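Please keep the sequence and the structure open beside the text.

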Amino acid sequence: MMFDNGLSRRNALGMIAAAAIPTGVTAQIGGNGDDVETVRLNRIGRYATGEALGGAEIVSYHAARNRLFVVNSGAGQVEVLDLSEPRTPTQDAVLNASDLVASEGSVVSSVGGTNSVDVNGNIVAAAIEADPATENGAVAFYDPSSLEFVNAVSVGPLPDKVTIAPGGNYVVVANEGEPGDSTDPAGSVSVIDISQGVQNASVSTATFDQFDGQETALREEGVHLVAPGDDDAVASTVIEPEFVTVSPDGERAFVSIQENNAIATVDLASATVERIDGLGFKDFSLPGNELDTSDVDGSSLQNWPVRGMYQPDAIDAYEVGGDTFVVTANEGDAKDFEIGILKNLDLDPDGFDLSENPYVDSVEELQAPANLGNMEVNEAAMAEFASGSDGYTDIYAIGGRSFSVWQVEDDGLRLAFDSGSRFERTFAEQYPDGHVNVVESGPETESAELGVVGDRIFAFVGQEKGSGIATYDVTRPENPTYTQMVVNRDYGVSEDDLAAAAEENPDGDNPARAGDFAPEGVHFVPATESPIRNPLLCVGFELSGTVGVFEVAPVTDT
């Protein structure tokens, strides 16, 4: 196994006085706070659920009882860990949320898995899908101290990320609405008003119906809207919300629409979608945006005439100087019918100016396996945005292989920063065995969480394939600074190895032997709520079924 705590460089820009809250971070330039220069992540504790391929996903912390709630979707439950001694986490209880909602009988008649959990004050909220998942799901509420079931409400199909808004008046859940064998339910965002208590919770659902008929205008803003076969894409049907964060003032939710390369803004008081902002395309031909596209040679990060949809999974929000910013983990995603292999596609020879390209001078060479030929691309996006009479005129990759900071402005989102090729380069140079999946979507940046340490704001960003946690100082949103990457993986154990072992001996397998594999959920615990003096970062590693507990140690100028 490998474990790295090396600091790459430090940032000494500005000072911030800020307060961390469950979703969203507020800060103002200037003010009080410890003189923190940067932070160092040190893994101090680890817990293994014993469940592979979904054993530890979304995690959330309850400070009053030092409990960590961990979604174990593989076992269909929420594990409750005692974190009073974070070096040795132990299981305190298990919430079989799916079974409990089913026994109530008034919300869903048959339930599937638990998809996410959030904790705020005296509320635990768990998002639970129905069986089949194309039917309406539920959000179940529990008391975080007694762990008793309190109430459950019906929400849309396949509720994914659930988030309790600052102030505790609303619970927001992204209903992904993925298609089934014979139906494709509409995606939506449910806003649950709990201002009168969870026993009196009321649900309003924001739909995307008002965008039907506006598909062409949305595409002009970089929103990806396609349907299988020859079907026309209808916005309200093909939009699939993924992840929710709430602005620090508690008034708006920002919802990542991963497959569609967009972020929706939802007004919580009215439960309406105010706008959809397409995120546009990352230009991998620009310096700083190098990527590895070949699986037939050694590591080689180069600039190519490729565009990537950002397609974020996890997002988080914060404020600096009165301006709101959204941080995105640009994982990328594509349905099976969208994917093509570049060497099998027709490219328009006149669509590519390769005169300045140092590697190739024709599209035939571009499509050679040693270059881009074996690369998985989003052919549906190429047909949507770059289809010419003699072939495709642009190449669209899956995901951005990065994290980004977007400023929320009156007319949409403005890209303030992108990490470029930093993650892929770090894996290639420091963890070559973790530099995998190069012909697909790189290290697959999946999780992101913000936290305040002293006078600075940090982003903790997880890479699914490489299984690293990167730290950035985002105090200055236009100029974030990379700090470190921590990795605890045995790259000799693959996802296929874990799947085969789980199938052969589900009760005797040990998926934790892979190290900590695929950080799905990242949760920051501020120093004021931590059982130790310093903040914690709790991470659910999906494929290894492990939970990592990291101390976030401040580094001062002394």
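A residue counts as exposed when its relative accessible area is over 50%, and as buried when that area is under 20%. The model discussed here is predicted.

Asn 344 has a relative accessibility of 58%, so it counts as exposed. Its place is the loop that runs between strand E25 (339–341) and helix H4 (363–366). Gln 367 is 23 residues from Asn 344 along the chain, and their C-alpha atoms are separated by 8.5 Å.

Asn 175 is a buried case, because its relative accessible area is 0%. This residue belongs to strand E14. What surrounds Asn 175, leaving aside its neighbours within four places in sequence? The contacts are Val 155, Gly 156, Pro 157, Leu 158, Pro 159, Gly 187, Ser 188, Val 189, Ser 190 and Pro 241. Ala 186 lies 11 residues from Asn 175 in sequence, with 8.6 Å between the C-alpha atoms.

Ser 236 sits in helix H3. Its relative accessible area is 7%, so Ser 236 is buried. Beyond neighbours within four places in sequence, Ser 236 is in contact with Ala 186, Gly 187, Phe 208, Asp 209 and Asp 212.

The largest nonpolar core has 29 residues. Phe 208, Ala 253, Val 255, Val 266, Leu 268, Val 273 and Ile 276 have the most contacts inside it. Elements that give two or more residues to this core include strand E14 (170–175), strand E15 (188–193) and helix H3 (235–238). Strands E17 (243–246), E18 (252–257), E19 (262–267) and E20 (272–278) are also among them.

Val 266 shows how residues meet here. Setting aside neighbours within four places in sequence, Val 266 is in contact with Val 189, Val 191, Ala 206, Ala 253, Val 255 and Val 273, among others. Its contacts also include Glu 251, Arg 252, Thr 272 and Glu 274.

Another core, of 25 residues, lies apart from the largest one. Ala 448, Val 452, Ile 457 and Ala 459 are among its residues.

Strand E33 (residues 456–463) is mostly covered, with 8 of its 8 residues buried. In a regular strand, side chains alternate between the two faces of the sheet. In E33, Arg 456, Phe 458, Phe 460 and Gly 462 point one way. Ile 457, Ala 459, Val 461 and Gln 463 point the other way. Residues of both sets are buried.

E33 runs antiparallel to E32, and 8 bridges join the two. Ala 448 has Val 461 in E33 as its bridge partner. E33 also runs antiparallel to strand E34 (residues 468–473), joined by 5 bridges. Here Gly 462 has Ile 469 in E34 as its bridge partner.

**Glu 449**

Glu 449 lies in strand E32 (residues 445–453). Which side chain of opposite charge is nearest to Glu 449? It is Lys 161, 7.4 Å away. Glu 449 is buried yet has no salt bridge. The side chain of Glu 449 does reach the backbone nitrogen of Phe 524, at 3.2 Å. Apart from neighbours within four places in sequence, Glu 449 is in contact with Asp 316, Phe 458, Ala 459, Phe 460, Val 522, His 523 and Phe 524.

Strand E10 (residues 123–130) has 8 of its 8 residues buried, so it is largely enclosed by the rest of the structure. Strand E9 (residues 111–120) pairs with E10 in the antiparallel sense over 7 bridges. Val 119 has Val 124 in E10 as its bridge partner. E10 is also joined to strand E11 (residues 136–142) by 5 bridges, again antiparallel. Ala 125 stands opposite Phe 141 in E11. A hairpin through 5 residues joins E10 to E11.

| Hairpin | Residues between strands | Residue and phi |
|---|---|---|
| E9 and E10 | 2 residues | Gly 121, near 65 degrees |
| E32 and E33 | 2 residues | Gly 454, about 60 degrees |
| E33 and E34 | 4 residues | Ser 467, about 65 degrees |

Technical notes: Residues are numbered from 1 along each chain as its sequence is written. This is a predicted model: local features need pLDDT of at least 70, side-chain atom pairs count only at pLDDT 80 or more; totals for chains, interfaces and linings use all residues. Side-chain values use heavy atoms; hydrogens and water are left out. Buried means under 20% relative accessible area, exposed over 50%, partly exposed in between (1.4 Å probe, protein chains only). Lys and Arg count as positive and Asp and Glu as negative; His and the chain ends are not counted. A salt bridge is a side-chain nitrogen of Lys or Arg within 4 Å of a carboxyl oxygen of Asp or Glu. A polar contact is a pair of N or O atoms within 3.5 Å; within protein, one must be able to donate a hydrogen and the other to accept it, and residues adjacent in sequence count only if both atoms are side-chain atoms. Contact means heavy atoms within 4.5 Å. A nonpolar core is a set of buried Ala, Val, Leu, Ile, Met, Phe, Trp, Tyr and Cys residues joined through side-chain atoms within 4.5 Å. Two strands pair if DSSP finds at least two bridges between them.
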